Amino acid sequence: ADGTAAVFMHGVLHIWRHCLDYARLLENNVRTVDAALDANTELYVVEWLNNMSVAFSSAETPSDLERCREELGLDPAELGEVLKNLDFAVWALLRMHRVLPYAPAAVARQLPSEVLKRLTKTQGYRHKKGWDQLMPSP
C-alpha cells in the first residue's frame, strides 16, 4: 500500500521539485509563482492524470469499473486502496489550483466519470470550491 501511495504522489511532488524554477522565482522581474513554472507544466499535469487513470480509462459506469478491476486482477479491497491513493494525489493537485488554474478542468477531462465519482476527498474539495459546474457530478 505504501508503494501505491508513493506512485500517485510522485507526480504531484514532481511539479514542485522540477516544474517550479526556484532560481527564476527569486529573480526581480518575476512577480508571481506561476511565472516561475516551466512552460510545459500544464502538459505534464494532463499527462500525469492520464497516466494515473489509464487502467480505468473505460470506467464510465460501475460495471465498467468492475470489469477494469477484474482485468487488473485486483480484489475489491485492493481497488479501494488504489482509488484512495489516487484520490489523495488528485486532491493534493487540486489544492494547488492558485498556481495551476487549469488543474480542476484537467481533472474533469482526464478522469473517467466512475473513477471521479469514487474520489470522495476530491469530490468534497470540488464541492467546497464551487467547481460543481466545472466538474459535473458523474
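The model is predicted, so local features need pLDDT of at least 70, side-chain atom pairs count only at pLDDT 80 or more, and totals for chains, interfaces and linings use all residues. Residues are numbered from 1 along each chain as its sequence is written, and side-chain values use heavy atoms, with hydrogens and water left out.

## The overall build

Let's start with the big picture. The chain has eight helices and zero strands; here helices (H or I, at least four residues) and strands (E, at least two) are DSSP runs, numbered from the N terminus. Read from the N terminus, the order is α-α-α-α-α-α-α-α.

How does the radius of gyration fit a compact globule? A compact globule of 138 residues would have one near 14 Å, and the chain's 16 Å agrees with that. The radius is taken over C-alpha atoms, and the globule rule is 2.2 Å times the number of residues to the power 0.38. Along the principal axes, the C-alpha atoms fill a box of roughly 55 × 35 × 20 Å.

Of the 138 residues, 41% are buried. Buried means under 20% relative accessible area, exposed over 50%, and partly exposed in between (1.4 Å probe, protein chains only). Among contacts (heavy atoms within 4.5 Å) with a separation of 6 or more, 65% join residues 24 or more positions apart.

Thr41 sits in helix H3. Is Thr41 buried or exposed? Thr41 counts as buried because its relative accessibility is 1%. Setting aside residues up to four places away in sequence, Thr41 touches Ile15, Cys19, Leu100 and Tyr102.

Asn85 belongs to helix H5 (residues 76-94). With a relative accessible area of 9%, Asn85 is buried too. A polar atom of the Asn85 side chain lies 2.9 Å from the backbone oxygen of Glu81.

Ala35 is in the loop between helix H2 (22-25) and helix H3 (41-53). Ala35 has a relative accessible area of 30%, so Ala35 is partly exposed. Which residues does Ala35 contact, leaving aside neighbours within four places in sequence? They are Arg24 and Val30. As for Val12, which is 23 residues from Ala35 along the chain, the two C-alpha atoms are separated by 18 Å.

Terms used
A polar contact is a pair of N or O atoms within 3.5 Å; within protein, one must be able to donate a hydrogen and the other to accept it, and residues adjacent in sequence count only if both atoms are side-chain atoms.
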